[in-house]
Amino acid sequence: MTSAQLTPPQKPFWAFDPEAATTSRIADFGRWVALHRGVRAAYDHTDYAALHHWSVTDLEGFWSAVWEYFDVDAATPYEQVLADEKMPGARWFTGATLNYTHHALRHLSDDRPAIIALDETGAGHEVSGEQLRAQVASVAATLRDLGVGQGDRVVGYLPNTPHAIVAFLAAASMGAVWSVCGQDYAPQAAADRFAQLEPTVLIAADGYLFNSATHDRRAAVLELARALPTLKATVLVDHVGLPWSHDNHPALTLPWEDASTRTEQLTCTPVPFDHPLWVLFSSGTTGLPKGIVHGHGGVLLEHLKTLGLQSDLGPGDRLLWYTTTHWMMWNLAVSTLLTGATTCTYDGSPAPLTRPDLLWELAARHHVTLFGTSPQYLLGMAKFGIDPSVHDLSSVRAVGCTGSTLPASAYPWVRRHLGERVQLASSTGGTDVASGFAGSAPTTSVWAGELSAPYLGVALAAYDAEGHPVVDQVGELVVTRPMPSMPLCFWNDPDGSRYRDAYFTSHPGVWRHGDWITLTSHGSVIVHGRSDSTLNRHGVRLGSADIHDVVERLPEIIEALVIGAEEPDGGYWMPLFVVPTSGVELDDALRDKIRHAIRTGASPRHVPDEILAVPGIPHTRTGKKLEVPVKRLLQGTPADQVVNPATVDSPELLAHFIRLGAKRRGARNST
């Protein structure tokens, strides 16, 4: 397999300042490990590579150090750090009982903001640590009164507001299991997820904001409630000010105001380390979405590491990460509270039509230290000439970016508009582990188009076709040793067969994630795209992200999607679909420019057979391009077997690819 990015620059795009890095939490952790564990790799607390090597060769030593460094408060102590290392089925911190909510609330200052609630009107209000504790205690008491017990499921149909955080923490405090999705999901799409869980209580908002419009979801809430026959009650949240009717609901209803304003004492129930905390769902582009179950302890440790060490968050810091409640970045953003830092919620479009730079304005106004977003957002800012530097962003020390591959072209734009001191921290991970595999830390440098390093505790490798680890070559992303936040199980998978088939069939005992990556000799990670959408041209493989990178750098192109489709006659058709910038026509001259860019910037063997203009590229609701579903549509698979429209951000865009697939089939049949 080839890649356009395997020859990196000799110098990093951004180099960390060793003196400044010594004040980071990860450097302090290194000093702590050296002092308390005598680990030689940690003596130089800015040598990330040495610290990482220790973290994956001594899993028990590393994860017990995370436990002690962050002073995990267990009701009963653990007996063994890792009782069984097999994958799947690793057993962590056996015997320990604890509670996620207890840890999320214990470091919050009573009079400082725990949550800053923002929306696209520019308005904002703060929820102090004291207020958050009181609301969580009140909602937890309400849930108990409604019949919720340990192990029961509570689900949310909610936008990204403090209500969702309070409801989750309340459910978790009693050992109930939480799941949530945003209200841009149709009621049936939400029911496809929640009905699997047989929930006891639904918590739902009247609507949400997006692009200067209020979206009324009251009828959708009623339809969803009727599709969940196990409900004992629905708690109705007044978020956008639309009056509720309590009639015609299939179960008891009560207002959020009544549920959240009681005077109660919060009690957090200790549960086993591997007690279910939440169920996250796969995108569900085909068939029912998979319910991925994570545990209290695994999420607690993994998020303390990811947010506390890799992201350097602690008391006084503020995180604003644009996300919806059905993306795992919402779960990670909530866990900001574990570090004692403030998390910002945001309801609305990331770039409202009337104020496209609003998120930067809010980051400046509220002194955000870590600003998180997606590659599409940064590329869109660059394409449309948005200049964040008109706002005072001096508090921002890092820009986090995840969701898809961030092309190298975006890095200079961030430097130009935010300054050389700001670290651009691209990362990769997944709903599967509710965390990341690779990204950055205050003690890592950054190469444009690359992720700085594997995360601590992640035994990351790239496997070739024979299952051998390779460096400076493209291979399958695998994890060779367990992580505490790997799924406990899939929901309704009693024998574990669906779970094993998802990750462990290719290399038994080794997690295969489904991405192409390169581990470079200078320690970084390059992500090339999904391995199930590989471009295999004349026997030479290339990740689709490498094509998207060079094409989307062109000012004439907003977004691109390349597909490699095997055809019934043994042929191989590789079209490139592009969305031209407004006012730009895809003519022969632009096609030639695109071909030249691919030939020189990616691979001469992967110049597409055709370049076709489309009105837009369809994505999952978490922003991933629908590469495999589009490929199957073009190959002629019936649409109802390929993709559930409810899981697509703009389902109307699928019609173009369905018509094109039918047209090609007709042409083949006529010959």
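Here are some questions and answers about how the terms used for this predicted model apply to its residues.

The model is predicted, so local features need pLDDT of at least 70 and side-chain atom pairs count only at pLDDT 80 or more, while totals for chains, interfaces and linings use all residues. Residues are numbered from 1 along each chain as its sequence is written, and side-chain values use heavy atoms, with hydrogens and water left out.

Q: Why is Asp-312 called buried?
A: Buried means under 20% relative accessible area, with exposed over 50% and partly exposed in between (1.4 Å probe, protein chains only). Asp-312 has 17% relative accessibility, so it counts as buried.

Q: What makes the phi of Asp-312 worth a look, and where is this residue found?
A: Its phi is near 60°, a positive value in a residue other than glycine. Asp-312 is found in the loop between helix H11 (296-310) and strand E16. Helices here are DSSP runs of H or I with at least four residues, strands are runs of E with at least two, and both are numbered from the N terminus.

Q: What makes a set of residues a nonpolar core, and which members touch the most others in the largest one?
A: A nonpolar core is a set of buried Ala, Val, Leu, Ile, Met, Phe, Trp, Tyr and Cys residues joined through side-chain atoms within 4.5 Å. The largest has 92 residues, and Phe-29, Leu-132, Phe-168, Leu-169 and Trp-178 touch the most other members. Helix H7 (residues 162-173) gives the largest share of this core, 9 residues. Apart from it lies another core, of 35 residues, among them Leu-118, Tyr-322, Cys-344 and Ala-363.

Q: How do you know that H8 and H9 meet, and which residues are involved?
A: Pro-187, Ala-190, Ala-191 and Phe-194 in H8 meet Ala-220, Glu-223 and Leu-224 in H9. The residues of this contact divide into 6 nonpolar, no polar and 1 charged. Here Ala, Val, Leu, Ile, Met, Phe, Trp, Tyr, Cys and Pro count as nonpolar, Asp, Glu, Lys and Arg as charged, and the others, Gly among them, as polar.

Q: Why are strands E24 and E28 said to stand at the edges of their sheet?
A: The open sheet has 4 strands in the order E24-E25-E27-E28, with antiparallel pairing. E24 (460-463) and E28 (525-530) each have a single partner strand, so one side of each is left without a neighbour in the sheet.

Q: What makes E24 and E25 a pair?
A: Two strands pair if DSSP finds at least two bridges between them. E24 and E25 (residues 474-479) have 4 bridges in the antiparallel sense, and they count as paired. In this pair, Ala-462 stands opposite Leu-477 in E25.

Definitions and conventions. Contact means heavy atoms within 4.5 Å.
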